[in-house]
Amino acid sequence: MKATPARDQETVDKWEVQLRKGCLELAILAALWEGKLYGLEILRQLESDSDLIVSEGTVYPLLSRLKVLGLVKSEWVESEAGHPRKYYALTPAGKKRALEMAGIWTRFSSSMGKLLAPLGKGNK
Amino acid sequence: MTMADDVQQRDAQQSMEAYLGRLRRRLRGMNDEDAREIVEELRSHIRDKAAASGQVTASGVDAALAALGSPEELASQYLTDDLLARAEVSRSPVRILESLFRWASLSVAGFLVLLGSMVGYFLGVVFILVAALKSFHPRTAGVWVLPNGADDFNISVRLGFGSAPLEGREVLGWWIMPIGLAAGCALVMLTTRFAIWCVRQYRKSRALPRG
């Protein structure tokens, strides 16, 4: 059976979604590398520094999972806005995980880059 | 502050509290402290988001709530994420069933996974029990083949309470002890894997990035 162009597009979209989702955990750990942030700051950083525009309903449950796994810790800090905010910071285990994942990512993307180089030339 | 502003503020506050109340109810069963923290964190998020342009407005709150998705969907994500995280730490069937019960009240998928897991765990426990009870009920506990009409038969796993069936025979003898124990443990482990796999599939199908 031959795939129709519409289905083809759907497959590509799904692949992209999976790809982005797979990177989300690393992206969050990386956002926290420089220091503690609260949920909305993490979201804004993901949006400004990467293409990882994810729904807010995804990031908060994921943060709480990372906490159960011991990769991040959290604390409540009073803010000038008049309400406390929940700040997240990497634990030593979280830092280790971030470095591991970043290493894998760098190796993978550089080898993919080599593989994909001819495609870029063909496009021009 | 004008009266209109006042009314707006009250409306904004009300829709936020209604949303958080619904979420809190859906998280019931989760550790109290965790559920409270989730609600507090989201309250803080909604306020920050709604006040991005200065004042907290009703439309700002509505937009923030819309971006979070429905409380049911959000609670589903928290509960399944919680289950996966805990499953990585401990594979206790009791824990998993506990989480599945909560999830089942939120989605059809959760209900089906709970049903399947209950059947799996139940069978596993029956096999383990038969193996354990064989030494107390040597003549009656075990796997029985019972005649059912002319050329039909039933296979029945019996714990051995009560008297032995009049017809039929017990097929495994003392072998039920190792076999029952192994089969029971395997069933329990496979069921746990099945449940975790289902939850992962569910999580993969949800939580789609926006845009």
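Let us start with one pair of side chains: B:Glu72 and B:Arg22 form a salt bridge, with their closest N and O atoms 3.2 Å apart. A salt bridge here is a side-chain nitrogen of Lys or Arg within 4 Å of a carboxyl oxygen of Asp or Glu. B:Glu72 sits in helix α4 (residues 71-89) of chain B and B:Arg22 in helix α1 of chain B, so the pair ties together parts that are 50 residues apart in sequence. Helices (H or I, at least four residues) and strands (E, at least two) are DSSP runs, numbered from the N terminus. B:Arg22 is partly exposed, at 35% relative accessibility; buried means under 20% relative accessible area, exposed over 50%, and partly exposed in between (1.4 Å probe, protein chains only).

A word on the model itself: it is predicted, so local features need pLDDT of at least 70 and side-chain atom pairs count only at pLDDT 80 or more, while totals for chains, interfaces and linings use all residues. Residues are numbered from 1 along each chain as its sequence is written, chains are lettered from A and ligands numbered from 1 in the order in which they are written, and side-chain values use heavy atoms, leaving out hydrogens and water.

Now step back to chain B, which is assigned domain 1 (1-69) and domain 2 (70-211); these bounds come from an automatic or database domain assignment. Their contact (heavy atoms within 4.5 Å) takes 14 residues from domain 1 of chain B and 11 residues from domain 2 of chain B. About 1,200 Å² is buried between the two domains, with carbon and sulfur atoms giving 64%; buried area is the accessible area (1.4 Å probe) that two parts lose on being put together, summed over both. Two salt bridges are found across this interface.

Next, follow a link between chains. B:Glu37 forms a salt bridge with A:Lys67, the closest N and O atoms being 3.8 Å apart. B:Glu37 lies in helix α2 of chain B and A:Lys67 in helix α3 (residues 56-68) of chain A, so the pair joins two chains. B:Glu37 is buried, with a relative accessible area of 15%, whereas A:Lys67 is partly exposed at 32%.

Finally, look within chain A, where A:Lys36 and A:Glu75 meet in a salt bridge (3.1 Å, N to O). A:Lys36 is in the loop between α1 (5-31) and β1 (37-38) of chain A, and A:Glu75 is in strand β2 (residues 72-77) of chain A, 39 residues apart.
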